[in-house]
Amino acid sequence: TRVRGSTADSKDHVVTSPCLKPRPLALLFTSACFDAFTVLTYFMSMEIIFVSFALALKRAGGVLLAVLGGRILFNEYVSLVAWASIMVMILGVVLIVTS
C-alpha cells in the first residue's frame with residue numbers, strides 16, 4: 001500500500017504489515033489449516049458421539065494443544081499453576097466421557 005508522506009519532500013512511503021513477512025504468514029497459514037482440521041473433525045465426530053463429549057474434547061484439546069504449541073514452538077514459559085489447571089481440565093473431560 002502506498003501512502004502519501006507528510007514530509008517536506010512529499011515522497012511516497014511504502015507501508016507493509018509485519019504479518020506479510022514469510023515466517024508470520026507461514027505460521028498464520030499453518031494455524032488456519034489446523035483450525036479448519038479441528039472444525040471438520042469436530043463436526044464429523046457429532047455423528048459418532050454425543051455433543052457433550054465432542055465439545056468437552058474439543059475445548060480441552062484446543063487448550064492443551066495451544067499450551068504445548070507455545071511451549072515447543074515458541075519456548076514460552078508455562079507455570080506450574082497452568083499445568084495444574086490443564087490437568088484439572090483433562091480430569092474433567094475424563095469424568096464427562098466415562099460417565
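Two residues are in contact when they have heavy atoms within 4.5 Å. Among the contacts in the chain with a separation of 6 or more, 30% are between residues 24 or more positions apart.

## About the model

This is a predicted model, where local features need pLDDT of at least 70, side-chain atom pairs count only at pLDDT 80 or more, and totals for chains, interfaces and linings use all residues. Numbering starts from 1 along each chain as its sequence is written, and side-chain values use heavy atoms, with hydrogens and water left out.

## Overall layout

The chain holds three helices and two strands, in the order β-β-α-α-α from the N terminus. Helices (H or I, at least four residues) and strands (E, at least two) are DSSP runs, numbered from the N terminus.

Of the 99 residues, 12% count as buried. Buried means under 20% relative accessible area, exposed over 50%, and partly exposed in between, with a 1.4 Å probe and protein chains only.

## Helix H2

With 24 residues at 1.5 Å a residue, H2 should span 34 Å, and its end C-alpha atoms agree at 33 Å apart. The expected span is 1.5 Å times one less than the number of residues.

Which residues of H2 are buried? They are Phe53, Ala54, Ala56, Ala60, Val67 and Gly70, and their cover includes helix H1 (22-45) and H3.

## Asparagine 75

Asparagine 75 follows H2 and sits in the loop between helix H2 (51-74) and helix H3 (80-98). Its phi is positive, near 55°, in a residue other than glycine. Asparagine 75 counts as exposed because its relative accessibility is 58%.
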